[in-house]
Amino acid sequence: MCGIIGFIGEDNASDILIKGLKALEYRGYDSSGVALGDDGKPKIIKSAGRISVLEEKLASASLPVFHRGIAHTRWATHGGVSDLNSHPHSSDSLSLVHNGIIENYYELESMLRSEGYTFSSETDTEAALMLIDYEYRRLHDPEKAIFKAISGIRGSFAFAIIFNDVKEKIYAVRRQSPLIAAHTNKGSFIASDVTALLPYTKDIYRPEDDVLIILSKDKTEFKNKNGDAVYPISEHVDWNEEEAQKGGFPHFMLKEISEIPDSVRKTVSSYLADGIPYFDAASLKEDNVLNIGRIHVSACGTAMHAGLIGKRLIEELAHIPVNIETASEFRCRSQILDKRDLMIVLSQSGETADTLSSLAYAKERGVNTLAIVNVFGSSIARSADDVIYTKAGPEIAVASTKAYTVQCAVLALIALHLARIKKRMTADEVRTHTILLSSSLPSAIEKVISESDGIKDAANDICNAEHLFFIGRGSDSDVCAEGSLKLKEISYIHSEAYPAGELKHGTISLISDGIPVIACACNEDTCDKMISSIREVRSRGARVTVLTTNKLAKSHAFPCDRIITVDDEGGPYTFLTAASAMQLLAYHASAKKGLDVDKPRNLAKSVTVE
Ligand code: M6R
């Protein structure tokens, strides 16, 4: 979702802003813009469409070199995609970019209209802009004006602001929307996330809500609403710039799939001591584990699908009941929560607003919270009582791939940890599983990636389909949910994931001649039943591609049109090998259709609004 970058310092601000916007592109956007100027009203150039359009406009504007600027990628919420609605927005006294949603914009606009203000865009942002302008005219002090204005704003925001008559400063402030700051010998920066700052520094600050950031060439200051200096702790990020680049791959998504084996090895080995899962998280200490009544899992999209795997593993291995609910729905009903419960939230970005709000709901009710997050120091990581980091490195493609697999791997480790503490598994049994997770599973996934011609052919087969079904049983069915989401989001093929046995209770009416069905059958226990389900759809005309293991392909005669096999080295975790095959299937279908694989239409990488 919207991305912000701001810079003041020695270098050409325009170059830094454009480079930063490109690094933030992956968050999802539909327009972009910059405000550049060292003194007086900055020059504003903005445009609907890709950053390349903005670059063309900038080139033809032939601006002099400026050393101060703010820039923005917009993901439309209030008001359509247009030049006018793009940021920065400006008033007579300031220019501003915004990420988030001003919930009381209508109220604010009415008040401001009565004060003589007029509005030219359809955005909620303009209400915040004019409110700051209004307070600035009254108070003649940028800091006081910002604090006064945000005290009247409801909703989420990250603002970067330039005042026309305040030279050599950029102001910024956030509430529930991400914004980081950094200072280097080049100058001061703010950005929505660390990927935009990696070329300059790995040491960043994450100011709390409502802390004012004041950037100048030689320092970055932070102040609270009383005007007192505050000192956020500096964090060192262990990502590098190369990790956030394509590195010779045609798309980030393919690169990130290829990184799955190492991400799994790195993540799993970080949480093992002598082959046994080990976590610092207080909620996973022995006494607390023995006290857990129920576990709640909440997340969105792909992370939610990882949660399904977590539920299955925790219930199966540790016998602790797990309630799972998509985060956007979690607080839409009254949840039965007990202080002995543990709430687990999963998020790659750590900034997903729906997940943050379900986390807050659980915290408000005194439930212990544990976040499994990929981005260090992100909002979810900081809000939860405990955090376990997945070690996938930056994930840039909108379609989440490696983050999913490592989330599942961490959940498997947690399930094993709980099972050992609850004496449902011995340490040796647990070790057998962790060897599978840390070594055999990543090798099996490596083979899927290096021998993916069959998957590519299957993708060519389905890429012109309008509708498609994924079917599976047990964990294969959970993985189908993710395979289907992946295909939908990047190839725009409508697909449904169904537990294979459920299809005959209604949805089978949609199966007709030539409809592609991907049948995932990697589990020996359910293989015969899967074959029956495949027969049911084939006899109604479906073109079936079976995804199974090499071993099951030999022992079972699958009635199908195509078969994709994966190695079963991962043992009970082979469903994750199948998941990688499905990720590749979606990737190749999208690439074959010539679509924008990494930045599919309408989607944002980091969904920071509810
Ligand atoms: O950053 P998060 O893991 O919290 O994001 C949750 C979902 O928005 C995300 O998984 C989304 O579904 C992806 N586009 C899936 O590929």
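Pro-88 is located in the loop that connects strand 4 (68-74) to strand 5 (89-90); helices (H or I, at least four residues) and strands (E, at least two) are DSSP runs, numbered from the N terminus. The peptide bond between His-87 and Pro-88 is cis, with omega at about 0°. The model is predicted, so that local features need pLDDT of at least 70 and side-chain atom pairs count only at pLDDT 80 or more, whereas totals for chains, interfaces and linings use all residues. Residues are numbered from 1 along each chain as its sequence is written, and side-chain values use heavy atoms, with hydrogens and water left out.

Positive phi values occur at several non-glycine positions in loops. His-140, which is not a glycine, has a positive phi of about 55° and lies in the loop between helix 4 (125-139) and helix 5 (142-151). With a relative accessibility of 62%, His-140 counts as exposed; buried denotes under 20% relative accessible area, exposed over 50%, and partly exposed the range in between (1.4 Å probe, protein chains only). Gln-176, likewise not a glycine, has a positive phi of about 60° and is placed in the loop between strand 8 (170-175) and strand 9 (180-184). The relative accessible area of Gln-176 is 46%, and this residue is therefore partly exposed.

Neighbours within four places in sequence being set aside, Ser-156 is in contact (heavy atoms within 4.5 Å) with His-98, Asn-99, Gly-100, Ile-101, Ile-102, Arg-175, Gln-176, Ser-177 and Thr-608. Ser-156 counts as buried because its relative accessibility is 9%.

Lys-223 belongs to strand 13 (residues 219-223) and, at 18% relative accessibility, counts as buried. The side chain of Lys-223 forms a polar contact of 3.1 Å with the side chain of Glu-143. A polar contact is a pair of N or O atoms within 3.5 Å; within protein, one must be able to donate a hydrogen and the other to accept it, and residues adjacent in sequence count only if both atoms are side-chain atoms. Beyond neighbours within four places in sequence, the contacts of Lys-223 include Phe-147, Asp-210, Leu-212 and Asp-228.

Asp-386 is part of strand 21 (residues 386-389) and is classed as buried because its relative accessibility is 12%. The side chains of Asp-386 and Ser-283 are joined by a polar contact of 2.7 Å. Apart from neighbours within four places in sequence, Asp-386 is in contact with Ala-281, Ala-282, Ser-283, Thr-369, Leu-370 and Ala-371. The C-alpha atoms of Asp-386 and Ile-344 are 9.5 Å from each other, at a separation of 42 residues along the chain.

Helix 9 (residues 301-318) comprises 18 residues and spans 25 Å from its first C-alpha to its last, close to the 26 Å expected at 1.5 Å a residue; the expected span is 1.5 Å times one less than the number of residues. Among the buried residues of helix 9 are Thr-302, Met-304, His-305, Ile-309, Leu-313 and Leu-317. The elements covering these buried residues include strand 17 (295-299), strand 18 (322-326), strand 19 (342-347), helix 13 (402-421), helix 16 (475-491) and helix 19 (574-592). Helix 9 is followed by His-319, whose phi is positive, near 55°.

Helix 9 also contributes the largest share of the shell around the ligand, namely three residues, and both helix 9 and helix 16 supply at least two shell residues each. Of the 14 residues around the ligand, those coming nearest are Ser-347, Gln-348, Ser-349, Thr-352 and Glu-489, a residue being near when one of its heavy atoms lies within 4 Å. The shell is made up of five nonpolar, seven polar and two charged residues; Ala, Val, Leu, Ile, Met, Phe, Trp, Tyr, Cys and Pro count as nonpolar, Asp, Glu, Lys and Arg as charged, and the others, Gly among them, as polar.

A polar side-chain atom of Ser-347 is placed 2.6 Å from an oxygen atom of the ligand. For Gln-348, a backbone N or O atom lies 2.7 Å from a ligand oxygen atom, and a polar backbone atom of Ser-400 is 2.8 Å from an oxygen atom of the ligand. The protein covers 91% of the 410 Å² of accessible area that the ligand has on its own, as given by the Shrake-Rupley method with a 1.4 Å probe; for residues, only the protein chains shown count as cover.
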